[in-house]
Amino acid sequence: MKQDKQRQKDRSEQEQKALRISSFGSLALAILGIGFAVQSGSEAILLDGIFSVLGFFMALMTMYVARLVNRPDDEVFQYGYAHFAPLMNVLKSLVMAVLCGFALLSAIGTLIAGGQPMAMGSAVLYSLIATMIGAGLSIYLRRVAERTASVLVSLDAKAARLDMVLSAAVLASFTLGWLSLGTSMERYLDYLDPMVVAGLCLVALPVPLKILWESSREVLLLAPDTVVQESVKDRIADALDEFPVEDYRIRMLKLGSVVAVTLHIRPSESYRIEGINDLDGVRFTIEDTLASLEYQIGLDVIFVNDMRL
């Protein structure tokens with residue numbers, strides 16, 4: 001039990017540190033993006049800067065939620081605060097999707113109006129720096145997410161990876177535009193920036209929509225995905241092999257990194273119970289078996305004679 005508490009404490013500290021670094025990275029990219037957007041006149045860079053500003057404020061909210069979900073249950077939230085993690089992810093993904101939609105409409109309007117000029121050299125420099133920062137953040141956050149099984153850090157890692165890919169795409173596009181200066185292709189450069197914005201939005205939009213769907217499943221208390229369910233069921237089946245059990249039924253839901261499991265067990269008639277300690281022994285065995293999972297497990301074991309629930 002002490003080891004579990006210490007492991008949870010270590011995970012929480014790593015999670016908080018990763019979220020702080022993510023917020024600082026978003027702030028640096030926001031300042032960089034808006035500054036270069038003003039200097040270069042690029043809507044693509046401005047969009048990237050706005051994403052980073054949004055990421056910074058969302059990161060501050062995420063740090064608060066990360067502390068919140070680790071609170072014990074109380075009189076107000078008697079089942080704890082784990083549901084705030086998917087709620088936060090729903091909010092973040094929804095805002096990202098709306099922003100992508102508005103940026104796409106703006107880019108289409110700019111293309112129809114005949115495009116806009118921009119400083120190509122500044123755009124290349126910005127996208128190079130942004131790609132390097134995004135790559136560093138993505139690698140670091142992904143490693144922390146794997147160690148801690150934090151859905152909050154995992155979402156930030158996905159956002160950082162998306163930023164890196166988009167910045168790399170901007171870098172490639174603007175580099176080609178820069179190389180076309182003085183050639184016959186230069187007359188089309190005014191269309192490059194809105195085309196890049198439109199392309200970025202079309203590529204980026206599926207990511208927040210996917211996160212929105214996955215997080216909404218948790219908010220709506222739907223069953224976890226098949227991989228999570230099978231991993232829990234297999235371990236419970238292994239644990240119950242040690243006991244004369246006639247039947248059992250498992251119900252579960254996932255909220256962030258917490259998987260709540262309700263297990264109804266009907267012992268066989270040959271099972272002789274000497275006292276409550278025997279039942280606790282069954283529960284402790286199941287808890288120990290589930291402890292190897294990367295999730296926090298909230299387990300309720302109910303012994304019944306009638307399986308009609």
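The dialogue below covers salt bridges, a hairpin and a charged surface patch.

Q: What kind of model is this, and what pLDDT do local features need?
A: The model is predicted: local features need pLDDT of at least 70, side-chain atom pairs count only at pLDDT 80 or more, and totals for chains, interfaces and linings use all residues. Residues are numbered from 1 along each chain as its sequence is written, and side-chain values use heavy atoms, with hydrogens and water left out.

Q: How many salt bridges does a search of the whole structure find?
A: A salt bridge is a side-chain nitrogen of Lys or Arg within 4 Å of a carboxyl oxygen of Asp or Glu. The search finds five. One of them joins Glu-246 and Arg-266, at 3.3 Å from N to O. That pair links distant parts of the chain, 20 residues apart: Glu-246 is in strand S1 and Arg-266 in strand S2. Strands here are DSSP runs (E, at least two residues), and helices are runs of H or I with at least four; both are numbered from the N terminus.

Q: How do strands S1 and S2 run, and how many bridges join them?
A: Two strands pair if DSSP finds at least two bridges between them. S1 (residues 245-255) and S2 (residues 258-267) run antiparallel, joined by 10 bridges. Lys-254 has Val-259 in S2 as its bridge partner. The two strands form a hairpin with two residues between them. Gly-256, in the turn, has a positive phi of about 65 degrees.

Q: Which residues are linked in a network of salt bridges?
A: Asp-280, Arg-283 and Glu-287 are. Asp-280 meets Arg-283 with the closest N and O atoms 3.0 Å apart. Arg-283 also meets Glu-287, at 3.4 Å from N to O.

Q: Which element gives the most to the positive patch?
A: A patch joins like charges within 9 Å, or nonpolar side chains (Val, Leu, Ile, Met, Phe, Trp, Tyr) within 5 Å, using residues with over 30% relative accessible area and no salt bridge. Helix H4 gives the most, with three residues. Arg-161, one of the patch residues, sits in helix H5 (residues 151-179).

Conventions:
Accessible areas come from the Shrake-Rupley method with a 1.4 Å probe; for residues, only the protein chains shown count as cover. Lys and Arg count as positive and Asp and Glu as negative; His and the chain ends are not counted. The place of a charge is taken as NZ of Lys, CZ of Arg, CG of Asp or CD of Glu.
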